[in-house]
Amino acid sequence: LEELADKEGGGAAVAAAMMRAGIAEQRGDTEQAVNLFESVADNQDAAPVMRDLARLRAIAIDYDSMESAEIIAALKPLAVPGKAYFASAGELLAHAYLDQGKRDEAGTLFAQIAKDEESPESIRSRARQMAGVLGVDAIEDVNELLEEQRVEREGTDGESAAVATE
């Protein structure tokens with residue numbers, strides 16, 4: 001992977017660098033993982049979606065050692081509805097807002113994520129809960145939400161399954 005990652009350009013070099021970063025993260029080498037993800041994020045030959053993913057992963061790994069203003073500046077461009085990583089970037093961005101005491105901005109963003117049907121349900125559910133805690137209504141149709149949750153909990157034979165939704 002190192003040999004591939006050191007080659008110029010996108011494609012295989014970017015994929016190899018991302019894999020090396022993931023391996024470093026799993027090994028607990030946070031500094032190397034962050035450096036590798038940041039190298040991909042700054043690589044103008046890499047596809048924009050890969051640069052965005054690398055930026056998001058670097059911030060997620062290094063979040064606790066970063067200033068909230070730095071996190072906000074880096075994630076704002078990614079936390080836009082319709083962008084590939086809106087929900088994940090938005091969730092981290094909202095927490096950075098909370099770190100700064102900006103409850104209104106965080107609540108609004110959590111509500112936006114909760115209402116975004118393109119976002120993964122696990123993130124939408126957490127965002128709904130966080131928006132509610134912050135006093136922002138994130139549920140447009142209560143009956144529809146309850147019906148969705150009932151369907152998710154129902155087993156294939158029509159009996160209630162012991163599956164909790166996130």
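## Ala41 and its setting

Ala41 counts as buried, at 6% relative accessibility. Its place is in helix 3. This is a predicted model, and the values below are computed from it.

Leaving out residues up to four places away in sequence, Ala41 touches Arg51, Ala54 and Arg55. Met18 lies 23 residues from Ala41 along the chain, and their C-alpha atoms are separated by 10.0 Å.

## Helix 3

Helix 3 covers residues 30–41. It has 12 residues. From first C-alpha to last it reaches 16 Å, close to the 16 Å expected at 1.5 Å a residue.

Its buried residues are Ala33, Val34, Leu36, Phe37, Val40 and Ala41. They sit on the same side of helix 3, because they cover an arc of only 165° around the axis. These buried residues pack against helix 2 (12–27) and helix 4.

## Phe37

Phe37 is another residue of helix 3. Is Phe37 buried or exposed? Its relative accessible area is 0%, under the 20% cut-off, so Phe37 is buried.

Beyond its neighbours within four places in sequence, Phe37 is in contact with Met18, Ala21, Gly22, Glu25, Ala54, Arg57, Ala58 and Ile61. Met18 is 19 residues away along the chain. The C-alpha atoms of Phe37 and Met18 are separated by 6.4 Å.

## The overall fold

The chain has 9 helices and 0 strands. Read from the N terminus, its elements run α-α-α-α-α-α-α-α-α.

Buried residues make up 36% of the 166 residues. The chain exposes about 9,700 Å², and carbon and sulfur atoms supply 47% of that area. Take the contacts between residues at least 6 apart in sequence: 40% of them join residues at least 24 apart.

The largest nonpolar core has 28 residues. Those with the most contacts inside it are Ile71, Leu75, Leu93, Leu109, Phe110 and Ile113. Five elements are listed as giving two or more residues to this core: helix 4 (48–62), helix 5 (68–75), helix 6 (86–99), helix 7 (103–115) and helix 8 (121–133). Which helix gives the most? Helix 6 does, with 8 residues.

A second, separate core has 12 residues. Ala17, Ala21, Ala41 and Ala58 are among them.

## Leu75 and Leu56

Leu75 is one of the residues with the most contacts inside the largest core. Apart from neighbours within four places in sequence, Leu75 is in contact with Leu56, Ile59, Ala89, Leu92 and Leu93.

Leu56 is found in helix 4. Leu56 is buried, with a relative accessible area of 8%. Not counting residues up to four places away in sequence, Leu56 touches Leu75, Leu78, Tyr85, Ser88, Ala89 and Leu92. Ser88 is 32 residues from Leu56 in sequence. In space the two are 8.0 Å apart, C-alpha to C-alpha.

## Met66 in the loop

Where is Met66 placed? Met66 is in the loop between helix 4 and helix 5. Is this residue buried or exposed? Met66 has a relative accessible area of 17%, and buried means under 20%, so Met66 is buried.

Met66 and Ala96 are 30 residues apart in sequence. Their C-alpha atoms are 9.8 Å apart in space.

## Helix 7

Helix 7 has 13 residues. From its first C-alpha to its last it reaches 18 Å, close to the 18 Å expected at 1.5 Å a residue.

Its buried residues are Ala106, Gly107, Leu109, Phe110, Ala111, Ile113 and Ala114. Helix 6 and helix 8 are included in what covers them. Leu109, Phe110 and Ile113 are also among the residues with the most contacts inside the largest core.

## Confidence

The chain averages a pLDDT of 85. Of its residues, 78% score at least 70.

Over residues 156–166, pLDDT stays under 50. For this stretch the model has 13 contacts beyond four places in sequence.

Technical notes. Residues are numbered from 1 along each chain as its sequence is written. This is a predicted model: local features need pLDDT of at least 70, side-chain atom pairs count only at pLDDT 80 or more; totals for chains, interfaces and linings use all residues. Side-chain values use heavy atoms; hydrogens and water are left out. A nonpolar core is a set of buried Ala, Val, Leu, Ile, Met, Phe, Trp, Tyr and Cys residues joined through side-chain atoms within 4.5 Å. Buried means under 20% relative accessible area, exposed over 50%, partly exposed in between (1.4 Å probe, protein chains only). Helices (H or I, at least four residues) and strands (E, at least two) are DSSP runs, numbered from the N terminus. Contact means heavy atoms within 4.5 Å. Accessible areas come from the Shrake-Rupley method with a 1.4 Å probe; for residues, only the protein chains shown count as cover. The expected span of a helix is 1.5 Å times one less than its number of residues. The arc is that of the directions from the helix axis to the C-beta atoms. pLDDT is the predictor's confidence in each residue, from 0 to 100.
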